[in-house]
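User: I would like to learn how to read charged pairs and nonpolar cores in a model. Can we work through one example?

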Amino acid sequence: MERSEFYSSQAGRLIDAPRRSRARFAIGDIVKHRKFDFRGVVFDIDPVYANSEEWFEQIPEGQRPDRDQPFYHLLAENEDSSYVAYVSQQNLSIDTDGEPIDHPQVDQLFEDFRAGRYFLRRSLTH
């Protein structure tokens, strides 16, 4: 499999990744965590784990996901709060309730919500 590198400012280093990666979810999709009670809207996707080693080490050893899969940046919410989450593809599924996300940053990134998904602001696309 062909590999390439990209710089992750979050990790502060070059990240080795497959040249081709298949993300199950897209920017604007609403997803839910398979194990924990939260949902969120995807606003960025890394082809492989691209966060800090300290963050990864905080995950209990028996629950650490495979690094060589897409990881999603989410504007997330649960019953108590709104926050930004970083979640592996294996721990997400599509959210089917059709309701919008109640996160204070949604309007900064997305301009519309239709048919159960968000649409990125045109000024943020390339």
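User: Which residue forms a salt bridge with Arg39, and how far apart are the closest N and O atoms?

Analyst: Side chains of opposite charge can pair when their charged atoms come close. In this predicted model, the partner of Arg39 is Asp97, with the closest N and O atoms 3.0 Å apart. The two sit in distant parts of the chain, 58 residues apart: Arg39 belongs to strand S4 (residues 39–46), while Asp97 lies in the loop between strand S7 (92–94) and helix H2 (106–109).

User: Is Arg39 buried or exposed?

Analyst: Buried means under 20% relative accessible area, so Arg39, at 12%, counts as buried. Asp97 is partly exposed at 43%.

User: Which residues are linked with Arg39 in a network of salt bridges?

Analyst: The network joins Arg39 to Glu77, Asp95 and Asp97. The count for the model comes to 8 salt bridges; one of them pairs Asp112 with Arg114 at 2.3 Å, N to O.

User: Now the core. How many residues does the largest nonpolar core have?

Analyst: A nonpolar core is a set of buried residues joined through side-chain atoms. Here the largest has 10 residues, including Phe25, Val31, Phe38 and Leu74. Strands S5 (71–77) and S6 (82–88) each supply at least two of its residues, and S5 gives the largest share, 3 residues.

User: What is Leu74 in contact with, leaving aside neighbours within four places in sequence?

Analyst: Its contacts include Val31, Phe38, Val42, Ala85, Val87 and Leu92. A second, separate core of 8 residues includes Ile15, Ala50, Phe71 and Tyr86.

Technical notes. Residues are numbered from 1 along each chain as its sequence is written. This is a predicted model: local features need pLDDT of at least 70, side-chain atom pairs count only at pLDDT 80 or more; totals for chains, interfaces and linings use all residues. Side-chain values use heavy atoms; hydrogens and water are left out. A nonpolar core is a set of buried Ala, Val, Leu, Ile, Met, Phe, Trp, Tyr and Cys residues joined through side-chain atoms within 4.5 Å. Buried means under 20% relative accessible area, exposed over 50%, partly exposed in between (1.4 Å probe, protein chains only). Helices (H or I, at least four residues) and strands (E, at least two) are DSSP runs, numbered from the N terminus. Contact means heavy atoms within 4.5 Å. A salt bridge is a side-chain nitrogen of Lys or Arg within 4 Å of a carboxyl oxygen of Asp or Glu.
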